[in-house]
Amino acid sequence: MAEQDSPIYALVLSGGGARGAYEAGVIYYVRTELAKAIGDQPRFRIYCGTSVGAINAAHMAATEHDPLFQGARLRKLWEELTAEDIYYADKRALTGFLVKSGFFMATNFFGLQRPLEKWDPNATFPFRSVLDTTPFLTYMRRNVSFAQIHRNIQRRLVDAVSVSASHLHTGKLALFVEKHPEVAYSAGGGVPIFCTLSPRHVLASASIPIIFPMIRISRRYYGDGGMRQNTPMSPAIHLGADRLLVISLRADHTALDPQPPPGRDLEAEPRFSNVIGHLLNTVFLDKLDYDLDQMRRINYLIQDFEEEFGPGVLERINARRQRKFIGDRPVPGAKCVVPFVITPSENIGRIAAHIFNRVVRNGHTLNPMHRFFSNIAQAEGDNDFMSYLLFEPEYLKALVQLGFEDARREHDRLVNFFTNRPLDCPPQSLPEG
């Protein structure tokens with residue numbers, strides 16, 4: 001580590017739509033029960049978020065000056081969130097979606113798009129997304145103070161905040177970073193875009209393509225950061241973090257059964273929502289597992305070098321690297337980074353399926369948009385698709401509680417993590433808060 005006595009902690013929040021409620025539950029535990037156990041509030045100096053993680057990271061950075069309020073407020077926002085806060089879902093929204101979709105399919109099927117463009121050169125593509133997220137921009141501006149984010153960074157309560165998005169024309173990662181001038185961004189972590197963060201940066205990071213509309217920032221169009229963020233922990237490391245609290249939104253509770261179900265020669269054909277759900281899992285969740293594997297390999301390699309060649313070998317290697325370049329960029333140095341990952345102990349897709357099926361059975365509670373898509377969205381077994389889009393209070397409260405309980409199960413190791421001790425040390429008596 002750069003500073004053994006005072007490591008720099010970062011919070012890394014991954015994407016996953018409505019699954020972000022799970023992150024709120026973990027954070028609420030850290031700010032309440034864990035803070036009491038260690039006698040102080042854990043301080044995160046760096047916040048990194050992708051997709052819904054960017055939304056939660058923005059809230060955290062805006063409330064860093066009041067940690068207890070930070071946890072309680074985030075929990076309350078998620079437990080009281082509804083679909084109407086995220087997107088239009090009334091009859092007018094459904095009618096608009098059907099008209100635009102029908103017009104788009106008709107013009108393309110009959111080859112009318114080019115004649116229409118010749119007739120009106122300013123004609124634009126009428127179908128941008130399934131859902132209109134205009135309400136969420138208003139909701140975020142009302143509940144996240146971006147002016148306070150800037151103040152907290154200026155006062156050095158927060159070193160930096162990074163938000164990951166995808167540039168839709170090139171398909172490349174766009175890493176928006178707001179940081180204190182004295183905080184360095186080390187070479188080797190891609191080319192960040194240093195800026196003053198706004199609601200549009202966060203909304204762009206959370207714009208799932210086709211489902212949510214693309215966002216224009218400075219004449220460029222951006223979409224969900226989960227598409228191109230192959231190394232979710234990289235921004236925190238290149239901003240100087242030594243210890244990372246990573247909240248994952250997926251735990252693999254399923255295994256492939258090579259045999260078809262009893263009494264069948266062939267397993268049932270998967271529903272559309274099952275396929276889309278697995279596709280979203282690939283976009284948002286699988287990359288974190290790969291990134292963690294890579295980090296562990298590097299940590300083990302550093303430990304092997306120190307055991308083989310003695311203390312100080314890492315400093316000597318980094319000194320040599322300062323004189324080497326890849327093109328015009330210096331070879332980045334290496335260091336041992338300690339990750340702590342909290343993952344759901346229950347299958348979130350299964351929780352979503354249970355609650356969504358109950359909501360569908362009580363059809364009178366569905367808004368028009370949900371009623372229209374209810375048959376398409378139903379799935380057998382797990383419902384990973386709806387686990388991203390089910391902004392129902394019952395479901396969100398269940399995820400908040402799951403995150404809280406999962407953090408409670410990791411209590412002793414979390415205490416060690418935030419007191420800069422090896423994670424698996426026996427519990428140590430600490431002052432009560």
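## Exercise 1: A charged patch

Arg-141, Arg-200, Arg-216 and Arg-219 come together on the surface as a patch of positive charge. Keep in mind that this is a predicted model.

Task: find the strand that holds Arg-216.

Solution: look at residues 215-217, which form strand S6; Arg-216 lies there.

## Exercise 2: Around Val-161

Task: decide whether Val-161 is buried or exposed, and find what it touches.

Solution: 
- Start with the location: Val-161 sits in strand S3, residues 160-167.
- Next, take its relative accessible area, which is 1%. Buried means under 20%, so Val-161 is buried.
- Then list contacts, leaving out residues up to four places away in sequence: among them are Tyr-47, Ala-61, Ile-149 and Phe-176.
- Finally, compare sequence and space: Ala-57 is 104 residues from Val-161 in sequence, yet their C-alpha atoms are 7.6 Å apart.

## Exercise 3: Pairs of opposite charge

Side chains of opposite charge can pair when their charged atoms come close. The whole structure has 13 salt bridges.

Task: which parts of the chain does the salt bridge between Lys-335 and Asp-242 link?

Solution: 
- The side chains of Lys-335 and Asp-242 meet at 3.2 Å, N to O.
- Lys-335 is in the loop between strands S10 and S11, while Asp-242 is in the loop between helix H10 and strand S8, so the bridge links distant parts of the chain, 93 residues apart.

Technical notes:
Residues are numbered from 1 along each chain as its sequence is written. This is a predicted model: local features need pLDDT of at least 70, side-chain atom pairs count only at pLDDT 80 or more; totals for chains, interfaces and linings use all residues. Side-chain values use heavy atoms; hydrogens and water are left out. Patches are made of residues with over 30% relative accessible area and no salt bridge: like charges are joined within 9 Å, nonpolar side chains (Val, Leu, Ile, Met, Phe, Trp, Tyr) within 5 Å. Accessible areas come from the Shrake-Rupley method with a 1.4 Å probe; for residues, only the protein chains shown count as cover. A salt bridge is a side-chain nitrogen of Lys or Arg within 4 Å of a carboxyl oxygen of Asp or Glu. Lys and Arg count as positive and Asp and Glu as negative; His and the chain ends are not counted. The place of a charge is taken as NZ of Lys, CZ of Arg, CG of Asp or CD of Glu. Helices (H or I, at least four residues) and strands (E, at least two) are DSSP runs, numbered from the N terminus. Buried means under 20% relative accessible area, exposed over 50%, partly exposed in between (1.4 Å probe, protein chains only). Contact means heavy atoms within 4.5 Å.
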